[in-house]
Amino acid sequence: MRRVHALIVSLLMLTLSACALLPQRDPLNINVVGLEPMPGQGMEVRFAVKIRVQNPNDTTIDYNGVALDLEVNGQPLASGVSDQSGSIARFSETVLSVPVSVSAFSVFRQTVGLTRTQTLDNLPYVLRGKLAGGLFGTMRFVDSGKLSLPGAVTGTW
């Protein structure tokens with residue numbers, strides 16, 4: 001019985017020390033740098049979200065998939081995935097393009113939300129995503145800010 005207890009304690013300590021050996025990485029710096037329209041089907045709207053990904057770490061980040069969720073004005077708007085893969089070298093950056101879809105329901109929900117704010121300028125957005133990198137290599141990120149649309153319309157609807 002003592003041997004089993006000692007074995008369990010030893011395995012627990014080994015597991016906890018293994019977590020300390022995982023590399024500590026600084027978070028990625030993410031900026032939305034563009035939106036490009038894409039052909040959609042039916043009542044959906046599609047566009048490519050271009051994001052600049054900066055790696056502030058001293059090790060290369062390998063990824064094999066990208067996922068994004070875009071929230072505008074406090075409501076979910078678009079989501080998308082891409083199976084692209086690559087590497088971001090240490091202390092460097094790259095621009096990734098991820099196709100996202102906006103459902104007709106999301107457009108309707110945003111329209112209802114805009115009637116409350118009555119402006120298309122300075123809409124708050126939150127972009128959440130991840131670069132898939134295997135069991136311990138996945139890097140999650142968040143970017144937020146305000147959308148300032150050119151020629152934004154203000155006034156009562």
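Tutor: Start with the elements. Helices (H or I, at least four residues) and strands (E, at least two) are DSSP runs, numbered from the N terminus. On that basis the chain reads α-β-β-β-β-β-β-β-α-β-β. That gives two helices and nine strands. Note that this is a predicted model.

Student: How do you know what confidence the protein chain has?

Tutor: The mean pLDDT is 80, and 73% of residues reach 70 or more. Strand β7 (residues 92-102) has the highest mean, 95. Helix α1 (residues 2-21) has the lowest, 64. Over residues 152-157 pLDDT stays under 50, and the model has 11 contacts there beyond four places in sequence.

Student: What makes β1 and β2 a pair?

Tutor: Pairing takes at least two DSSP bridges. Nine bridges join β1 (residues 29-38) to β2 (residues 45-55), and the two run antiparallel. Pro-37 stands opposite Phe-47 in β2. Six residues lie between the strands of this hairpin, and there Gly-42 takes a positive phi near 60°.

Student: What makes β2 and β7 a pair?

Tutor: The cut-off is again at least two bridges. Here there are 11, and the strands run antiparallel. Gln-54 faces Glu-93 in β7 across that pairing.

Student: Why is Glu-71 called partly exposed?

Tutor: Under 20% relative accessible area would be buried, over 50% exposed. Glu-71 has 24%, so it is partly exposed. Glu-71 sits in strand β4 (residues 66-72).

Student: What is Glu-71 in contact with, leaving aside neighbours within four places in sequence?

Tutor: Heavy atoms must come within 4.5 Å to count as a contact. Glu-71 then contacts Pro-76, Leu-77, Pro-124, Tyr-125, Val-126 and Arg-128. Glu-71 and Arg-128 are 57 residues apart along the chain, with their C-alpha atoms separated by 8.3 Å.

Student: What joins the side chains of Asp-143 and Tyr-125?

Tutor: A polar contact, at 3.0 Å. The limit is 3.5 Å between N or O atoms. Beyond four places in sequence, the residues in contact with Asp-143 are Ile-30, Asn-31, Val-32, Tyr-125, Val-126 and Leu-127.

Student: Why does Phe-91 count as exposed?

Tutor: Exposed means over 50%. Phe-91 has 52% relative accessibility, so it counts as exposed. Phe-91 lies in the loop between β6 (86-88) and β7. Its phi is near 50°, a positive value in a residue other than glycine.

Student: Where is Asn-73, and what is its phi?

Tutor: Asn-73 is in the loop between β4 and β5 (75-82). Phi of Asn-73 is near 55°, also positive in a residue other than glycine.

Student: Last, the whole chain. What percentage of its residues is buried?

Tutor: Buried residues make up 27% of the 157. As for contacts between residues at least 6 apart in sequence, 62% join residues at least 24 apart.

Notes: Residues are numbered from 1 along each chain as its sequence is written. Side-chain values use heavy atoms; hydrogens and water are left out. pLDDT is the predictor's confidence in each residue, from 0 to 100. Buried means under 20% relative accessible area, exposed over 50%, partly exposed in between (1.4 Å probe, protein chains only). A polar contact is a pair of N or O atoms within 3.5 Å; within protein, one must be able to donate a hydrogen and the other to accept it, and residues adjacent in sequence count only if both atoms are side-chain atoms.
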